[in-house]
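The sequence and structure come next.

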Amino acid sequence: MDDLRPDLIRGPDGLARCGWVGDDAEYRRYHDEEWGRALHGDRALYEKMSLEGFQAGLSWITILRKRPRFREVFTGFEPETVAAFDEADVERLMADAGIIRNRAKILTTIGNARLVAAMTPGEFDAFMWSFAPEPRSAADRPVAFADVPAVTAASDALSKALKRRGFRFVGSTTMYALMQSAGMVDDHLVGCHRAG
């Protein structure tokens with residue numbers, strides 16, 4: 001009999017993981033290799049912010065499966081390149097069934113690129129990470145999904161600071177999801193092989 005905590009799942013490799021992974025191989029890979037690992041770099045964090053914005057109202061697996069095409073049509077999420085996109089690019093993106101065709105989110109991604117491109121190299125990374133809370137102790141690690149917040153004081157502060165700078169689609173819930181996925185917080189549950 002398996003004695004896993006209720007919100008964990010055991011994969012085909014025998015490892016315990018956060019239960020949101022389910023039985024999807026791509027989610028397993030993402031959970032093990034990306035989610036909760038420190039992500040740095042202006043381009044990488046701009047991509048993460050953009051994809052989290054596109055995810056709003058959808059499941060993350062939808063975005064994850066479309067991520068290769070997103071990367072292709074948004075030129076690797078290089079802020080300087082995306083910042084130069086014009087109306088023809090918007091129409092090209094709106095016609096691409098390989099991504100989420102939402103005009104507001106596409107325009108936001110371009111607008112946010114302009115803001116990142118206007119910063120000095122490394123400034124966006126330093127700004128984003130300045131809102132990361134102190135790492136939690138082992139005693140404070142979440143045990144169940146119910147222990148994981150949707151927003152925190154840190155995600156509220158990051159969201160407000162980004163909005164003051166003109167960024168869009170950066171609500172507190174979206175920013176907390178970014179903080180989790182970029183490793184600013186570690187919400188792997190107690191018993192998950194990635195916890196700690």
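## The largest cavity

In this predicted model, the largest cavity is lined by Met49, Ser50, Gly53, Phe54, Lys105, Thr108, Thr109, Asn112, Arg168 and Phe169. Two elements, α2 and α6 (103-117), each give two or more residues to that lining.

Sorted by class, the residues that line the largest cavity are three nonpolar, five polar and two charged.

## The largest pocket

The largest pocket has a volume of about 420 Å³, and among the 17 residues lining it, Trp20, Trp35, Trp60, Ala177 and Gln180 are the closest to its centre. The lining of this pocket draws at least two residues from each of α1 (25-33), α2 (42-55) and α9 (172-181), with α9 providing the largest share, five residues.

In terms of class, the lining of the largest pocket consists of 10 nonpolar, five polar and two charged residues.

About 260 Å³ of space is found in the second largest pocket, whose lining is made up of 16 residues, with Pro135, Arg136, Met184, Val185 and Asp186 lying nearest its centre. By class, the residues lining the second largest pocket comprise seven nonpolar, five polar and four charged.

Definitions and conventions
Residues are numbered from 1 along each chain as its sequence is written. This is a predicted model: local features need pLDDT of at least 70, side-chain atom pairs count only at pLDDT 80 or more; totals for chains, interfaces and linings use all residues. Side-chain values use heavy atoms; hydrogens and water are left out. On a 1 Å grid over the protein atoms alone, a cavity is a set of points where a 1.4 Å probe fits but cannot get out, and a pocket is an open set with protein on both sides within 12 Å along at least five of seven lines; lining residues have an atom within 4 Å of a point. Grid points are joined across faces, edges and corners, and a volume is the space filled by probe spheres set on the points. Helices (H or I, at least four residues) and strands (E, at least two) are DSSP runs, numbered from the N terminus. Ala, Val, Leu, Ile, Met, Phe, Trp, Tyr, Cys and Pro count as nonpolar, Asp, Glu, Lys and Arg as charged, and the others, Gly among them, as polar.
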